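Subject: The model we talked about

Hello,

Here is the model I promised to pass on, with my notes below it. Have a look at it first, and then read on.

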Amino acid sequence: QCSLTLTSRRKAPSTNPFAPDTHSAGLNCARDPETAKEMDVAHPKEVTRLSPDILELMETFNVSEACFLPPPLSIQLVLQLTWLDIGVFATLTAMTVLTIAIYLENTCYLMDKVKCPIKRKTLMWNSAAPTVIAITSCLGLWVPRAIMFVDMVAAIYFGVGFYLMLLIIVQGYGGEEAMLQHVATHTIRISTGPCCCCCPCIPHIHLTRQKYKIFVLGAFQVAFLRPALFLLGLVLWTNGLYDPDDWSYTSIFLWLNLFLGVSTILGLWPVNILFRHSKVLMADQKLTCKFALFQAILILSSLQNSIIGTLAGAGHIGCAPPYSARTRGQQMNNQLLIIEMFFVGVLTQISYRKRDDQPGYRPVGEVQQVGRECEQPAIANQQADHSSVSHI
């Protein structure tokens with residue numbers, strides 16, 4: 001009836017000044033979604049159409065409509081929170097703020113106690129990983145529809161952490177030249193995890209400059225490929241081809257994640273090789289604690305999310321309005337990450353809190369000079385021993 005009235009008015013517009021306006025009639029008719037679609041009038045309420053099979057399932061098993069809807073908007077989430085939910089959200093937000101405060105205090109300490117600017121920047125950037133993950137998890141908690149994007153930001157930052165962890169080990173020696181000079185007379189065992197832990201028969205190698213560049217490339221490829229693949233995923237997501245809910249063998253999401261998993265394993269291998277060789281030498285720098293926290297963040301941010309997502313997809317995590325099963329699993333993961341990153345941030349502050357006056361970089365000439373200075377006392381001691389023996 002409304003569309004007929006509008007059609008008649010388009011054909012024979014009324015000359016009566018007191019007649020109702022066509023635009024006002026159009027706005028009144030826009031309350032009907034079908035009419036609004038025909039008239040190209042924006043409908044203020046979000047309308048989600050469900051298939052007849054899903055509607056029959058909802059009526060048969062008395063399932064809420066929220067189990068089949070996308071994540072709620074932030075304003076919808078806030079209006080539906082109970083007092084218990086508000087208390088949980090406030091507590092988790094306060095823990096995120098405390099994590100940020102702990103990181104800022106640790107940053108001030110590093111700026112004051114670490115003399116080498118190169119080593120200071122590396123330590124500051126690497127120690128920020130739990131803080132960044134806590135912030136992104138808190139944003140995903142309050143803005144459920146942005147969970148995919150904030151998870152990408154956290155994964156990209158932690159991908160850079162692979163390269164930063166390698167730099168921490170190298171700078172602990174005093175730079176690339178100092179490290180190569182130290183390992184020139186040693187062999188390095190490469191039969192370590194996660195690639196070759198089951199192959200103890202692999203011979204040890206001498207770390208040359210060319211092999212060291214391969215190690216750096218292996219750690220750097222994670223920092224490069226993660227942003228590139230996530231950017232590709234966003235482009236495909238806008239075209240409807242990147243679906244985190246699709247785990248079939250034809251899913252682009254599945255194959256990109258498998259490629260990211262292989263890249264992560266290959267990036268962790270060279271870092272683990274250098275750590276195994278250097279952990280005893282750098283015991284005073286708490287290298288073991290730093291690497292253990294690095295592995296803990298890797299497991300909590302990657303493996304935990306995959307496990308909860310698999311459980312939600314298999315139906316072991318039920319939907320609870322206003323969350324669907326998948327959204328509820330993502331919210332559970334964000335809540336756990338905020339709590340876990342708070343404790344990891346406290347342990348990170350303890351591990352990185354150490355006065356360091358050693359340089360993180362030395363030129364080639366200075367390294368050779370230090371080597372000659374270290375050799376001269378040894379030669380003098382040998383000469384003194386020979387003279388004392390001959391005197392006796």
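Leaving aside its neighbours within four places in sequence, which residues is Leu287 in contact with? Contact here means heavy atoms within 4.5 Å, and the answer is Met165, Ile168, Ile169, Phe275, Ser278, Lys279 and Met282.

Before the rest, a word on how to read this. This is a predicted model, in which local features need pLDDT of at least 70 and side-chain atom pairs count only at pLDDT 80 or more, while totals for chains, interfaces and linings use all residues. Residues are numbered from 1 along each chain as its sequence is written, and side-chain values use heavy atoms, with hydrogens and water left out.

The overall picture

The protein chain has 15 helices and zero strands; these are DSSP runs numbered from the N terminus, with helices being H or I of at least four residues and strands E of at least two. Of its 392 residues, 39% are buried. I use "buried" for under 20% relative accessible area, "exposed" for over 50% and "partly exposed" for anything in between, with a 1.4 Å probe and protein chains only. Among contacts with a separation of 6 or more, 72% are between residues 24 or more positions apart.

Leu287 is in helix H13 and counts as buried because its relative accessible area is 2%. Its contact Ile169 is 118 residues away in sequence, yet their C-alpha atoms are 7.8 Å apart in space. Ile169 in turn is in contact with Val271, Leu274, Phe275, Ser278, Met282 and Leu287, again leaving aside neighbours within four places in sequence.

Ile169 also turns up in the largest nonpolar core, where Ile169 and Leu207 have the most contacts inside a set of 48 residues. Helix H9 (residues 147-173) gives the most to this core, with 10 residues. A second, separate core has 11 residues, including Phe89, Leu92, Met95 and Ile338. By "nonpolar core" I mean a set of buried Ala, Val, Leu, Ile, Met, Phe, Trp, Tyr and Cys residues joined through side-chain atoms within 4.5 Å.

Not counting residues up to four places away in sequence, Thr122 touches Leu164, Leu167, Ile168 and Gln171.

Rings and charges

The whole structure holds 11 aromatic pairs. Rings of Phe, Tyr and Trp (its six-membered ring) pair if their centres lie within 6.5 Å; planes under 30 degrees apart count as stacked, over 60 as edge-to-face and the rest as tilted. Phe158 and Phe162 have ring centres 5.7 Å apart and planes at 70°, so they are edge-to-face. They are four residues apart in helix H9, and therefore separated by about one helical turn. Both Phe158 and Phe162 are buried. Phe275 and Phe291, by contrast, are stacked, at 4.2 Å centre to centre with 15° between the planes. This pair links distant parts of the chain, with Phe275 in helix H12 and Phe291 in helix H13, 16 residues apart. Phe275 is buried at 5% relative accessibility, and Phe291 is buried at 2%. Ring pairs link Phe158, Phe162, Phe275, Phe291 and Phe294 into a cluster.

Two charges also sit over rings, which here takes NZ of Lys or CZ of Arg within 6 Å of the ring centre and within 35 degrees of the ring normal. Lys290 lies over the face of Tyr352, 5.0 Å from the ring centre. Arg353 lies over the face of Tyr109, at 4.2 Å.

Two last items

Most residues other than glycine have a negative phi. Lys286 is not a glycine, yet has a positive phi of about 60°. Its place is in the loop between helix H12 (252-278) and helix H13 (287-313), and at 28% relative accessibility it counts as partly exposed.

Best wishes
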